[in-house]
Amino acid sequence: MKRSKKEVQPNWHPNFRIQSELPDIKPIRTGFLINFAAVVICIGLAFMVFQQEMKRMSLANSIKELNSIVQESDAANSAALRNSRQFIQEVSKIQELEAFYEAPFIAYQFLIDLAEIRPDDLVYKSINVTETMRMERRNSVRVFRIQINGQAKSLQVLSDFKNAGANLDFIVESEGTVNETISPRDENTGVFPFTLVVDFEPGN
Amino acid sequence: MLQTKTKGLFVDYSQYALLLARTSNFRQPVHIEEVVEYTPKDPEEATEFIREFAQLKSGSYIPSRCSVYPTNRFIRRFTVDMQAKNKNPNYFTDTLASSFRVEPSESMVQVLRGTDGSEANMEKGTDKELMFAGGPSKEFSQLQDDLLSYGIYPSSLELGTLSTIGGLMDYAKVKGLSAPTLLLEITAENSNVLIFRKDMLDVSRPISFGWDSMYPVIQQELGLKDEGSAKKIFYSNTFDFTEMGPKLLRKMLKELQASTGFYEVQTGQTIGQIFLSLLPKNLSWVGQILAKSLGVDVIEVDFPAWIKSQNITFADEVDVASLDNRWMGLLSLMGDYSAEEKEIEKVKEGSSA
């Protein structure tokens with residue numbers, strides 16, 4: 001390797017200086033720089049530790065305070081939860097009532113009507129009213145279905161009952177459809193089990 | 001705190017004095033603003049004096065390029081025995097210890113090429129003509145401490161003898177001195193005989209005595225009661241040693257004649273001139289006597305002619321005429337003796353012309 005010009009000793013000028021015995025004459029002494037850097041690093045580390053410790057203490061205090069608040073609020077929270085549960089229960093009742101009142105027919109009137117149109121030779125076994133929603137051109141439409149299960153002595157009776165039902169005011173108004181399903185005559189009793197389904201959409 | 005001013009300070013620190021030069025900067029081109037010779041008495045006074053000379057604020061170390069002369073400095077030429085070197089990984093330290101009686105662990109040593117004074121690559125190098133240069137670590141340490149006590153911060157601490165060899169080689173080239181040159185460095189305790197030709201240091205031989213060996217002769221000749229009195233007279237300007245000189249230098253001359261005679265026989269070259277470094281001002285008669293006895297010329301350095309080639313200039317305020325050979329060490333410290341760089345400069349000058 002070729003030595004740089006700076007490293008080449010000038011001819012007849014070798015240097016016999018004893019570097020190790022010379023005083024440190026740098027404007028800022030190397031020792032001072034090292035000490036200064038060490039002190040700065042130590043202060044930095046101490047500051048970081050202090051900062052972390054302060055943060056930790058602050059978080060511990062916050063946790064303590066929040067725990068205390070949690071404990072203090074526990075009873076109130078339990079009461080509030082009870083209230084909430086109760087409220088939800090009451091809400092469902094109210095919603096049920098609202099649904100009941102929002103129905104396109106008056107329930108008790110409907111039952112009266114059903115009682116009035118029922119022929120003597122026909123009995124009801126169950127009456128179900130369900131409300132569903134269906135989508136029509138991005139709009140939701142409420143659909144009601146009244147399903148009456150019962151038994152009739154003759155098909156004529158059933159046919160009369162169907163016609164009477166189709167002529168009920170709210171079915172006519174809402175252009176509802178009435179369909180019946182008739183099962184074969186029961187051999188033991190001699191009656192026809194039937195299901196009458198009335199579909200209508202309020203507001204039609 | 002280190003003074004960061006860009007001015008340069010060059011210091012040649014010998015046992016006789018501190019020679020100082022304040023310059024425009026450390027690297028060439030160097031403009032010498034002022035020179036001064038100073039003999040430090042105590043560190044505080046010296047610090048104040050040097051700081052004032054260097055024109056620097058108080059409370060600062062002054063970065064300087066320094067040359068020093070440890071008492072037991074050494075420059076030893078040797079030819080590498082390649083076969084032995086390849087066999088022995090400790091060849092250099094072993095050679096230093098066995099051939100030159102220098103303890104490597106207690107010394108600061110550099111291995112240089114004898115051909116141009118450049119740093120030798122000891123591991124991979126194929127150079128055969130090398131030299132060990134250095135001195136005892138303790139002495140370098142003491143001299144460095146002395147400089148620090150004067151407020152001088154050595155940005156480099158060189159062996160003055162080496163930079164002087166480089167400077168004198170360059171001077172000989174500039175002045176066209178083709179004959180070999182004898183460089184004699186006499187200090188109180190010992191001396192060094194160095195003979196070079198062009199860029200090649202051919203001979204480097206220590207002499208175990210120096211000026212101190214002459215005091216008993218003076219004492220005896222002048223009938224003085226002790227050597228201390230002889231020493232005082234020797235360094236004073238009050239006594240003319242011209243007559244007594246040959247007697248004082250007899251021992252030294254014998255050594256020199258042995259060295260030069262052997263060299264001339266070996267190489268077939270005749271030594272043309274002598275240069276005495278570190279010679280105190282009042283001992284200028286020494287050069288004349290030695291030159292006369294050896295039949296050579298004395299080099300009296302023509303500083304203006306030489307330093308111009310080194311891209312060094314003097315301020316008008318500097319009395320260049322008053323600079324004698326003693327300043328060679330200091331001015332050699334400023335020189336650049338890298339042959340490669342000089343060649344490049346020459347090419348540049350040629351192309352710009």
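Q: What are the ground rules here?
A: This is a predicted model, in which local features need pLDDT of at least 70, side-chain atom pairs count only at pLDDT 80 or more, and totals for chains, interfaces and linings use all residues; side-chain values use heavy atoms, with hydrogens and water left out. Residues are numbered from 1 along each chain as its sequence is written, while chains are lettered from A and ligands numbered from 1 in the order in which they are written.

Q: What share of chain B is buried?
A: Of the 353 residues in chain B, 52% are buried, that is, under 20% relative accessible area, with exposed meaning over 50% and partly exposed in between (1.4 Å probe, protein chains only). Chain B has 13 helices and 14 strands, taken as DSSP runs numbered from the N terminus (helices H or I, at least four residues; strands E, at least two).

Q: Turning to the interface, how many residues are in contact?
A: In chain A, 17 residues are in contact with 41 residues of chain B, contact being heavy atoms within 4.5 Å. The area buried between the two chains is about 2,500 Å², meaning the accessible area (1.4 Å probe) that two parts lose on being put together, summed over both.

Q: How many salt bridges cross the interface of chain A and chain B?
A: The rule finds 0 there, a salt bridge being a side-chain nitrogen of Lys or Arg within 4 Å of a carboxyl oxygen of Asp or Glu. Over all chains, the structure holds 21.

Q: What does Lys175(B) pair with?
A: Lys175(B) forms a salt bridge with Asp302(B), their closest N and O atoms being 3.1 Å apart. Lys175(B) is in helix H5 of chain B and Asp302(B) in the loop between strand S13 (297-298) and helix H11 (303-309), 127 residues apart.

Q: Is Lys175(B) buried or partly exposed?
A: Lys175(B) counts as partly exposed, at 37% relative accessibility. Asp302(B) is also partly exposed, at 30%.
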